[in-house]
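Welcome! Please have a look at the sequence and the model first.

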Amino acid sequence: MQQQVDLNTNNYGTNKEDNLLQDILNRYLPWWPLFAILIVISLISSWFYLRYATPIYQASASLLIKDQKKGLDDSNLMESLNLFGSKKIVENEIEILRSRSIAKEVVKNLRLYAPIIQEGRIHDISGYEISPVWVEARNLDSIVPAKDIPFNYDINTGKINFNNNVYSLNEWISSPYGTIRFLINPYFRGGKLNKPFRFSLFSLRGSAAQLLAGLQVSASSKQSTVINLIYRDNVPKRAENILNELIAAYNRAAVNDKNLLASNTLAFVDERLKNVFRELDSVEHSLERFRTKNRLVDISEQGKQFLANVGVNDQKLGELNMQLAVLKQVEQYVTNKEKKGAIVPSTLGITDPVLSGLLDQMYVLEMQYEKMKLTTAESNPLMLSVADQIAHLRPRILESIRNQIKSIEAGRNDVSNTNSQYSTMLQRLPNKERELLDISRQQSIKNSIYTFLLQKKEETALSYFSTVADSRIIDVAEVSNRPVSPKRTMIMAIALGVAMLLGIGFVEIKEMLNRSVLYRAEIEKFTKAPILGEVAFDKSDTALVIAEGKRSFIAEQFRQLRTSLGYLGINSRKKKILLTSSISGEGKSFITANLGVSLALIGKKVVIIELDLRKPKLSDAFNINRAKGISNYFIGDMEAEEIIKSTETPNLFLIPSGPIPPNPSELILNGRLPELLNYLESHFDYIIIDTAPINPVTDAYIISPMCDATLFVIRHGYTPRFYLQRLDDQNKIRELKNMAIIFNGVKNKGLSSYGYGYGYGYGYTEEHTPKQKKSNKQRKTNTKS
């Protein structure tokens, strides 16, 4: 079940789309001749435009920028030479490329403020490449803007004929527009020199603004540091030159900025070097005076030397003390006579060889004496001789020892005095060292600053002369082979679109200004009454369009209308049909007459009552005299059977209106109409009543309750939309019984004969081929049967 609902929903959506497409086709397809004419005119106009429009060419170039946010690094060598170059932001560089200052420089260098043109057949031609000369102004701020200033160039003499005078190339000319001169055009490629040239002068600001208006600068992507430059111009070479000069001016501006910064830095460094040099020289002289005054070379080294000398002196002092101690022991030994023959003390530390020799002799004699003492008597001359030698030797030793002691004590005193001096000097060294350290610190600081400034001076000089740019050209300017504007396909498409829009606009405006009912959809929108059928507009003047054997399109429509009566419940028991409309002229009498004929053609007995007592027309349609009719019946002059008139159509009868009374509504209400209807019901199969429109009078509201159905006629392009919008509201107050609508007089839409109403048709005509006539004869036989 759910699948069935979904399928129904899908079918509904599809039908809705199909209906929308069908409505669009029905609305505009009948106007196809208008659309065709507009399309042809638009295409011809677009062809002429493309033929004579000035083609625009597009030049493009690309530039790589060092962006600090996107990691573009140079080599170390290039970076060292580019001290004053900084990593840049692509967005800022785009704005710089679009700056007025860069644009003005391009305008100056390419002389774009003085364009030259040559007159052509259709439009003027730019002289950027066909003019042999350029125009240059000396002072751009003082030029007077002017247009179309004529001049001639004589290629044989190389002279310029300007302002009724002859001038040479490169000669400054005082003119009403400022001081100018003519230069050789480096981009001249030949042209027709027999035609005069004209040049214009524009302000530098205006020319720069015009250049920026045609310039496009953008990053290739969000993550890229590549900038794409695009410029469009009707002269391809000029577009290329503008982009190349723009990039060159941008690079020159960047290099000039770096050079200006470098030159300012060099001046600052030179000034600082002079000041620091003077300060450093002063500090060095102070250091020199301090060293000279204090007899210092290197305090640190002198301190170390003093400490080493003190150590050496202490060592010497120790050695001397040891020598004194040894000598005193020896002296004590020598002076002690009781210890004769004892062992001589150690002579360690005694450096005097004479004393050492005497002590050695004394040692040998004493040893000999001791040995002889053990074996020889004391009175032995040998022992006495040895003792005598010892006695003579001892004074000499004592004298030598005392001399040595005096010498050593003198040396010890000298060493002690030297140590005292070293100690005093060592105590004074920290103060001098602190003073020297202050002076040396100042010297070091000044020296470091001086060295740093020298280094920066060299680096700045290298950067100043390196002129390393902060960008790199990836692609130089190159122009497209084909013009980018006008685009043939786009122009043709626009032409077709404009033609369609003009056609649609014409149709919409025409229908918007029309306040009458034009579409069946309007009827369905404003009223709930069903539409029983449609009747096409008939161009003929005949009132009866349906007859026996007639197979025209409108005749078929009345046959369809006849068939549709069954949907309103019209049958042998319910046979009374009322026809009315909003206003006069909507064709209700025409519908009444032809519907009656249609019903009579199938063998039904039909009577038509001409009850529009104000503007009766049915009698004229059937060629019946209305001198006597239903108005006579209402006043009692005639009976029902006396006013019924037969027509030329079998089974069709007419009750004419009779004389037009002054009070039709009162006559209808006199009570005789129901009697007449009862009489007619017993004698006829269908009773068709034609009454007056509802808006001028109320006859239809009086008669409708007596009938079984009401057919309300609305005429295409005639019935005011206002009455249709009020129909349902009026029907709520005074109801028209069992109402249905007939859409009458539906005309072909647009300029073609393609259909009617919805825009479709059958193509029935009064003339038939023999095969069709045979088919029609067969249909006639079937209809009669």
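Helices here are DSSP runs of H or I with at least four residues, strands are runs of E with at least two, and both are numbered from the N terminus.

This is a predicted model, in which local features need pLDDT of at least 70, side-chain atom pairs count only at pLDDT 80 or more, and totals for chains, interfaces and linings use all residues. Residues are numbered from 1 along each chain as its sequence is written, and side-chain values use heavy atoms, without hydrogens and water.

**Helix α2**
- Among the buried residues of α2 are Leu34, Phe35, Leu38 and Leu50; buried means under 20% relative accessible area with a 1.4 Å probe, counting protein chains only.

**The open sheet**
- Three strands form an open sheet in the order β4-β9-β8, with antiparallel pairing.
- Its edge strands, β4 (133-137) and β8 (173-175), each pair on one side only.
- Strands β4 and β9 (residues 178-184) run antiparallel and are joined by 5 bridges; two strands pair if DSSP finds at least two bridges between them.
- Valine 133 has isoleucine 184 in β9 as its bridge partner.

Terms used
Buried < 20%, exposed > 50% of the residue type's maximum accessible area, 1.4 Å probe, protein only.
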